[in-house]
Structure formats: structure tokens, C-alpha cells
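Subject: Structure for you to look over

Hello,

I am handing over the structure below, and my notes on it follow. Please read them with the structure open.

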There are 2 protein chains.
Amino acid sequence: MKELVFVGLGLHDEKGISLKGIEETKTADQVFMELYTNLMLGFSTKNFAEITGRQVCILSRHDLEEENGNLVLDAADNGKAVFLVPGDPFIATTHVALRIEAEKRGIRTRIVHGSSVISAIMGLSGLHNYKFGKTVTIPFAENFSETPYRVIAQNMTLGLHTLCLLDIAADQERFLCINEALSMLLEVEKKNKLGIATLESLAIGIARAGSDSPLLRAGSIKQVMACDFGGPPQSLILPGELHFMEAEALIAFAKAPVALRSAVR
Amino acid sequence: MKELVFVGLGLHDEKGISLKGIEETKTADQVFMELYTNLMLGFSTKNFAEITGRQVCILSRHDLEEENGNLVLDAADNGKAVFLVPGDPFIATTHVALRIEAEKRGIRTRIVHGSSVISAIMGLSGLHNYKFGKTVTIPFAENFSETPYRVIAQNMTLGLHTLCLLDIAADQERFLCINEALSMLLEVEKKNKLGIATLESLAIGIARAGSDSPLLRAGSIKQVMACDFGGPPQSLILPGELHFMEAEALIAFAKAPVALRSAVR
């Protein structure tokens, strides 16, 4: 049977995958994996091979984007191929083209979902997921853009929170940290003066979502910038209007100042 | 050690949980579970007990919301309690109050994430996750509200997609289906005439996201309403502006009419 199963590895390490994902891996004719679309800092390919008893072919961005994933497609043309992807497989949009090409070739495709950094960050913060607007990625300084600021402003006008993912270099050797991202927003604020990213604006820094040691800190941008968040991955939330339960959650989970209570309705 | 670990069960059945979640369950002093915040149609508590070797205490909405989860908190006061929750534990906001109460009592809380229906639906559709605006839930007819229509309109103005979750009765005996939800949107359209939910508007129906047999169908509301989606859970996407790759994905994965190609930029 011609089949290509996209399996989510979930978050952080080799234990983020679901039982279903393990089962699919064990019964595949060939197993592929990529680890470049998301940081999986605790992931050990050796441990993963021990858990599944399978040899895994690790694919580079070049294999998938320049070579159009032909290795994977050829394997799926001749049996069941499993392709392991960090997080939930299609939250990064990178692999949609591969899935389209497979379907065009008459290969049946399926998805075994994994936990995604997006729902993990929302869940850790205690903020209500249906109160988030459009998500944005803040790029490195050399790719500076005012877009993130504008998206935050637009969401705030609607009372909505903004989840800001922070850029990670293709080689994963470098990552944008919370402090740098906030500095960039403060810079844009100086020019645009919409009052959404001043030193007094509320922000939430989240480091290492999905790991055993996530760190959250909510407070004014000034307070968050004074916090040492340690290693990657890091992300940010710029909240819109807070429900009183959301304020309580930020106080309990993210050390927000208790004065936040009086600022909500 | 006083500890409360929220563990996501992921989607559909007992194999949606991560290896990490299984490990936490096995090492808990007491294990609790609720199955009412999300449909887990393939879930067997018997199979789950066989996998983990643990007896699980199933909690009702009454236990958690009227009794404030005291069973769980008392267990966590005396050791390590694991609380198993469908999907990603805090995507339903139901348990945030329990986590806040635990932290107030000096109980350490942790989260082991699971795959969420929200990222699953976005991933299945092939639409870009960062192009979704605010998510909305469409209620049963007896709780009729114009809010979903207004949220869709607001998102569309910004070019964004809207994920519409469809209501499920507390006893899980009844669920709002795609057809009924679209009928309600058409009704509101008649009155408001914003042109966002006419018989010709593009919609995507998604049934059983996260199961082995998800069904997707993209087309005009008229075409989607003519499709038999079968059992629950069901959900809807009302897309905003489509990128050409999103249109290709809807054609390949959701049988959208190929004419969609000419409608995108």
C-alpha cells in the first residue's frame, strides 16, 4: 500500500510522541525524520531508536525543500513511509507542499498529531485560547519588520492577546531572546506611539514551553526585561483585555504583580 | 512531595497520550481523569488501565466544578497526583481554577502537553496557522447567538480564517453538526447581509479530527451542506484570504473545486 504518515514528535524530547505515533513508526517500511522546523533540545535520536527499534533517516532542509522530499515520496510509492516532524506536523507550514505532492501521486496520506508549541504556550499562561488573535513571529534584528507591532496593535484594538513566536536561525545555533524582542517592540513604539509596547505595558515571557522546566514571568515590559529566562526556545505574549480569571492565573503561574487584579474587569 | 501533574490525553483514543504522559501516570500516587471537556470517542478506560497498569478515578463535571476538585487537591496534598484531561489540558479553560487553587495551597503543578483539536483541525486543513484569527464556538439553536457570525466577519475584514468549534451537550449525547451550524450562519446572514455566509461562500467542514478517519470537504456552503459528514466531533472553518498554496491544499485534501485556484492571488 502506498502510504505516507506524518507523525508529530510533540515537544522537547523523544517522549513527546504519542503511543499511536510509536505504533505507526514500528510498522513502517521506512522511517524519516526532520528536526529543523522546531527546537527539540532534549531529543536524542539514539534514545528514539531504542524506544522504537527502528533506524531513522534524518532529513535536512535541503532534502525536503530543494529536493522536494523525493526520498520520502519514493519510499511512500513503495510501501508505508512514516515522516516524523517536531510538534504537530502541519503547524509549521513547511510540509504542506510534500503532502500535496503525495496526494497528487496517488499516495494516501494520514496525520498522527502531536502536541504543538502554540497550544502549549497558551495553556501554560492560563490565558483563554479563544481570546488570542492572529499569531506573529518576531524576526532577528537584521530582518527587522514593523509587522509584529502592527499585528499586536490590531489584536489589542479587538481586546485580543497576541502570541509572539521568536525567530530561530536555520542552523538552530542562534535564537531571538525575549529581551531582544521586547527591545525591538519598544523601538517601534517610539516611532508609532500607539501605547501598546511601552515600558509599563503588560507582557508575558515564556521560556522552554513543553520542557520539564518552563519559566514564565508576567509583568510590565520593564520587569520582564529584567528577568533572566535562560535557554531557548523563548516566546512572548502581549495580552489584550484580561478576564479576572486570566489575571489570577498570571499571578499564580507567572509571578505577575498582584496589582494586576485591580486592572481587570 | 506535593505535586499535581496535568497530563493531556491527546485526541480520539487511549493512544493519543505521549510516552511522557504514560511515564507520569505510572509513577503517580493517585490518578484522576475526566472525559467530559472533549469527545474521546475511541477511548477505552479498560485499555488505558492495561497500558498503564493503574486504576483511574473518573471525575464528573460535578466533582470538578461544584466540589472544586477537592478530591484531586487532597490527593496532591499527600503525594503526586496525576490528572488526565482530553486534548491539551488547558485548551479547555475549565481546569485553570483548579491549577490556581493548587498553586495557592503550595502544591507544585506541572503540565505534560497533548495534541489539541485546535492545531489538529488547522493542520488537517492545510491552511496556515498564523492566518487564523479569533476562534469561536457555535452554540445549539436554543442558545442562538449572533456572536459567531460577527467574529467571522471581523476576521474576514482582516483577511483571516475562523475556526468554528461546534457545541457538544454536557452529557455528550448530542452534538451540533456542520449542517445545522451553517444553517444558523445563513440565517444571520439574511439579517445582516455582510456577504460572509451566503450559499456561495467558501467553507470547510471537518469531521472526526484526530481519529483514523477524518473527513474534510471544502466548497461553497451549499456544497458543504450537501455532504454527509457522519459522526462527531464536527467543526468548521470559514476561510479569509487564501494563499495559492492554501487553495492547492484544499483541492488536494478537502476536494475543493479546482476553480478555487483562479480565486486566489
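In chain B, five strands make up an open sheet with parallel pairing, and their order is β3-β2-β4-β1-β5. Its edge strands are β3 (57-58) and β5 of chain B, each of which pairs on one side only. Please keep in mind throughout that this is a predicted model.

Within that sheet, strand β1 (residues 3-8) of chain B pairs with strand β4 (residues 80-85) of chain B in the parallel sense, over six bridges. If you want a place to start looking, B:E3 stands opposite B:K80 in β4(B).

Chain A has an open sheet of five strands as well, in the order β3-β2-β4-β1-β5 and with parallel pairing. At the edges of the chain A sheet are β3 (57-58) and β5 (108-112), each pairing on one side only. For chain A I noted another pair of strands: β2 (residues 30-33) and β4 (residues 80-85) of chain A run parallel and are joined over four bridges. Here A:M33 stands opposite A:L84 in β4(A).

Next, the relation between the two chains.

On the interface itself: 50 residues of chain B are in contact with 51 residues of chain A. About 4300 Å² is buried between chain B and chain A, and carbon and sulfur atoms give 64% of that area. Which three residues supply more than any others of the area that chain B buries against chain A? They are B:K15, B:L19 and B:H113, which supply 15% of it.

The polar side of the interface can be listed briefly. The rule finds four salt bridges across the interface of chain B and chain A. B:K20 forms a salt bridge with A:D212, and the closest N and O atoms of this pair are 3.1 Å apart. Across the interface of chain B and chain A there are also 18 residue pairs in polar contact, both residues being at pLDDT 80 or more.

As for which elements are involved, α1 (19-26), α5 (96-104), β5 (108-112), α6 (117-125) and α10 (244-254) of chain B each supply at least two residues of the side that touches chain A. Of the elements of chain B, α5(B) gives the most to that side, with six residues. By residue class, the side of chain B that touches chain A divides into 22 nonpolar, 16 polar and 12 charged residues.

Last, some backbone details to check. A:P232 and A:P233 are joined by a cis peptide bond, with omega about -10°. A:P233 lies in the loop between α9 (221-225) and β10 (234-238) of chain A. In chain B, a cis peptide bond joins B:P232 and B:P233, again with omega about -10°, and B:P233 is found in the loop between α9 (221-225) and β10 (234-238) of chain B. A:K255 is not a glycine, yet has a positive phi of about 55°; A:K255 is found in the segment after α10 (244-254) of chain A.

Regards

Key: Residues numbered from 1 in each chain as written. Chains lettered and ligands numbered in written order. Predicted model: local features only at pLDDT ≥ 70, side-chain atom pairs only at ≥ 80, totals over all residues. Heavy atoms only, no water. Contact = heavy atoms within 4.5 Å. Buried area = accessible area lost by both parts, 1.4 Å probe. Salt bridge = Lys/Arg side-chain N within 4 Å of Asp/Glu carboxyl O. Polar contact = N/O pair within 3.5 Å; in protein donor to acceptor, adjacent residues only side chain to side chain. Nonpolar A, V, L, I, M, F, W, Y, C, P; charged D, E, K, R; others polar. Pairing = 2+ DSSP bridges.
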